[in-house]
Amino acid sequence: MRILDDVIKPTARQREFLRTVREKPKTLYGGAAGGGKSYILRWGLMYQLLRWAAQGHKNVRSGLFCEDYPSLNDRHLARVQIEFPEWLGTYRKTDRDFVLRPEYGSGVISFRNLDNPSKYLSSEFASVAIDELTMNSNR
């Protein structure tokens, strides 16, 4: 997909992660700080939404979770507004969602915290990414 080469520019290890996510229902990705794990989680969800849209699946919702909102803001929300280009969609601050434009399937990445996972019991996500899983005592 062109977005990989034009926008994401993943490292070899990040490409391997994206390939594994396509092939396996559950994937863990670890490593030292500064290795781009949070970055590829964001873009991995985006890549999935774009792939699904190309297959005809519209309005798909994915979730990216952190242990709390300060961590979510530091690791993701501050970066989404810089990294995700405006031609791709819109970040809605009020509900912490990035919504793809209709021509890209109108998919959504919902950015949420895991302070109380039970609040998501009725929520539906086609895919879920948890950043810093080991930091979540609710796992």
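Tutor: In helix H4, the buried residues are Ser71, Leu72, Arg75, His76, Leu77 and Val80, where buried means under 20% relative accessible area, exposed means over 50%, and partly exposed lies in between (1.4 Å probe, protein chains only). The model is a predicted one, in which local features need pLDDT of at least 70 and side-chain atom pairs count only at pLDDT 80 or more, whereas totals for chains, interfaces and linings use all residues. Residues are numbered from 1 along each chain as its sequence is written, and side-chain values use heavy atoms, with hydrogens and water left out.

The helix itself spans residues 69–83 and bends by about 35° at Arg75, the bend being the angle between axes fitted to the seven residues ending at a residue and the seven starting there. Arg75, where the bend is found, is also one of the buried residues of H4. Helices (H or I, at least four residues) and strands (E, at least two) are DSSP runs, numbered from the N terminus. In this chain there are four helices and five strands, and from the N terminus on they follow the order α-α-α-β-α-β-β-β-β.

What do the buried residues of H4 pack against? Their partners are helix H3 (37–54) and the strands S1 (61–66), S2 (89–92), S3 (97–100) and S4 (108–113), with contact taken as heavy atoms within 4.5 Å. The helix lies across S1, S2, S3 and S4 and runs at about 155° to S4; axes here are lines fitted to C-alpha atoms, for helices over the stretch in contact, and angles run from 0 to 180 degrees between N-to-C directions.

Leu77, which is placed in H4, counts as buried because its relative accessibility is 4%. Not counting residues up to four places away in sequence, Leu77 touches Leu72, Tyr91, Arg96 and Phe111. Leu77 and Phe98 are 21 residues apart in sequence, while their C-alpha atoms are 9.6 Å apart in space.

Most residues other than glycine have a negative phi. Arg96 counts as partly exposed because its relative accessible area is 30%.

Along S3, Asp97 and Val99 point one way and Phe98 and Leu100 the other way, and all are buried. S3 also pairs with S4 in the antiparallel sense, over three bridges, with Val108 in S4 as the bridge partner of Val99. These strands belong to an open sheet of five strands in the order S2-S3-S4-S1-S5, with mixed pairing. S2 and S5 are its edge strands, each pairing on one side only, and neighbouring strands are turned by 15° against each other on average, direction ignored.

H3, named above as a packing partner of the buried residues of H4, lies across S1, S3, S4 and S5 and runs at about 170° to S1. In S5 (residues 127–130) sits Ser127, which counts as buried because its relative accessibility is 9%. Its side chain makes a polar contact with that of Gln48, at 3.0 Å; such a contact is a pair of N or O atoms within 3.5 Å, where within protein one must be able to donate a hydrogen and the other to accept it, and residues adjacent in sequence count only if both atoms are side-chain atoms.

Among contacts between residues at least 6 apart in sequence, 59% join residues at least 24 apart.

Technical notes:
Pairing = 2+ DSSP bridges.
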